[in-house]
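Hi everyone, thanks for making time this morning. I'd like to walk you through one structure, so please have a look at it with me.

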Amino acid sequence: MAETIADLIENRFGLPATAGRNTPASGTIAGMVARRSHRRFKPDPVSEETLEIVLAAALSSPAKSDLQQASIVIVRDAAQRGAINGLVESMPWIPQAPVFLVFCGDNRRIRRISELRGKPFPNDTLDMFMNAAVDAGIVLQAFITAAESLGLGCCPISLIRNHVERLGELLALPEGVFPVAGLCVGHPEGAGRLSMRLPPSITVHTDRYDSSRFDAELAAYDARRAKAEPTEPGKQRFAERWGVTEAYTWSEDKARQYSVPERHSFGPYVRRQGFALK
Ligand SMILES: Cc1cc2nc3c(=O)[nH]c(=O)nc-3n(C[C@H](O)[C@H](O)[C@H](O)COP(=O)(O)O)c2cc1C
């Protein structure tokens, strides 16, 4: 039982922690450190009022240049849900979730505003695309934090981008708009599973980026994580190609995941959505 923030940090990273030793394990930070994605939901609906409140909190996020380039599609219609579920059949938590949203980057509004105001828009850049993607990502995470604070559970879904062309058609996404991720939302069934993070010695740098200890720190993380969250032999990725190994680690899993091409249709889709990415 975690009594302090330090206990929660130890659970998260699998390393001894001193920071937060005197701070009780409650409040915003505790919720953030202990959070996890949920992939099992009770059938109970999420009330309209709750959804509205969480959306308002999410849309209160900071936004690049105050452009507010996130759009959210709430997928309510059963036929729409069914069609999207059909695109991502490998993830049964998507049809099970009482609420399903799609978070989009939206560069259409500023382009239209430039037209309405009779101004040129010489900014069809990769940076412009990234600003919209980042805005959508920030709003997505703010939504998750707000929803979790009310006892809801969430799971982001980037798998929908595997079928981005069809998804774009279903959601009628116009030029300048692209999906970043779906989000399952509901009342969690069960506690879910905490997933160990890379140590700050890898992810936090002081003054200058330093990867000199990466290989050694990665090996230690792999060992810690494999012990805390072992992968059943039957769940090893692409075993038919890479075999079943005894020491199946996080880095082995990630290297296997990206040993096959993934989402090569997304770049062409984004360009067809009107982004030059100059
Ligand atoms: C942008 C984004 C896309 C994701 N896409 C999927 C997905 O398609 N399916 C899924 O089950 N989980 C997805 N996840 C959840 C991650 O797998 C999860 O965050 C990660 O394994 C860490 O676990 P945790 O969130 O429980 O800490 C996604 C997360 C993010 C941030």
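I'll go from the domains to the core, and then to the ligand.

One thing to keep in mind is that this is a predicted model. The protein chain splits into three pieces: domain 1 covers 1–34, domain 2 runs over 48–188, and domain 3 spans 196–268. Taken over C-alpha atoms, the centres of domain 2 and domain 3 are 28 Å apart.

In soluble globular proteins, nonpolar side chains tend to be buried together. Here, the largest nonpolar core counts 38 residues, and Phe103, Phe143, Leu183, Cys184 and Val185 have the most contacts inside it. At least two residues of this core come from each of α3 (48–58), β2 (99–106), α7 (126–149), β3, α8 (164–170) and β4 (177–186). Which of these gives the largest share? That would be α7, with ten residues.

Let's zoom in on Cys184. Leaving out residues up to four places away in sequence, Cys184 touches Trp93, Ile94, Ala97, Phe100, Cys154, Cys155 and Ile157. There is also a second, separate core of five residues, with Ile5, Leu8, Ala25 and Val33 among them.

Finally, the ligand. Around the ligand you'll find Arg36, Ser37, Arg39, Met91, Cys155, Pro156, Ile157, Ser158, Leu159, Ala181 and Ser195. Strand β3 (residues 153–157) contributes the largest share of that shell, three residues. If you like to think in classes, the shell has six nonpolar, three polar and two charged residues.

Terms used: Residues are numbered from 1 along each chain as its sequence is written. This is a predicted model: local features need pLDDT of at least 70, side-chain atom pairs count only at pLDDT 80 or more; totals for chains, interfaces and linings use all residues. A residue is near a molecule or strand if its C-beta atom, placed from the backbone, lies within 6 Å of it. Helices (H or I, at least four residues) and strands (E, at least two) are DSSP runs, numbered from the N terminus. Ala, Val, Leu, Ile, Met, Phe, Trp, Tyr, Cys and Pro count as nonpolar, Asp, Glu, Lys and Arg as charged, and the others, Gly among them, as polar. A nonpolar core is a set of buried Ala, Val, Leu, Ile, Met, Phe, Trp, Tyr and Cys residues joined through C-beta atoms within 7 Å. A residue is buried if 20 or more other C-beta atoms lie within 10 Å of its own, exposed if 12 or fewer, and partly exposed in between; C-beta atoms are placed from the backbone. Two residues are in contact if their C-beta atoms, placed from the backbone, lie within 7 Å. Domain bounds come from an automatic or database domain assignment.
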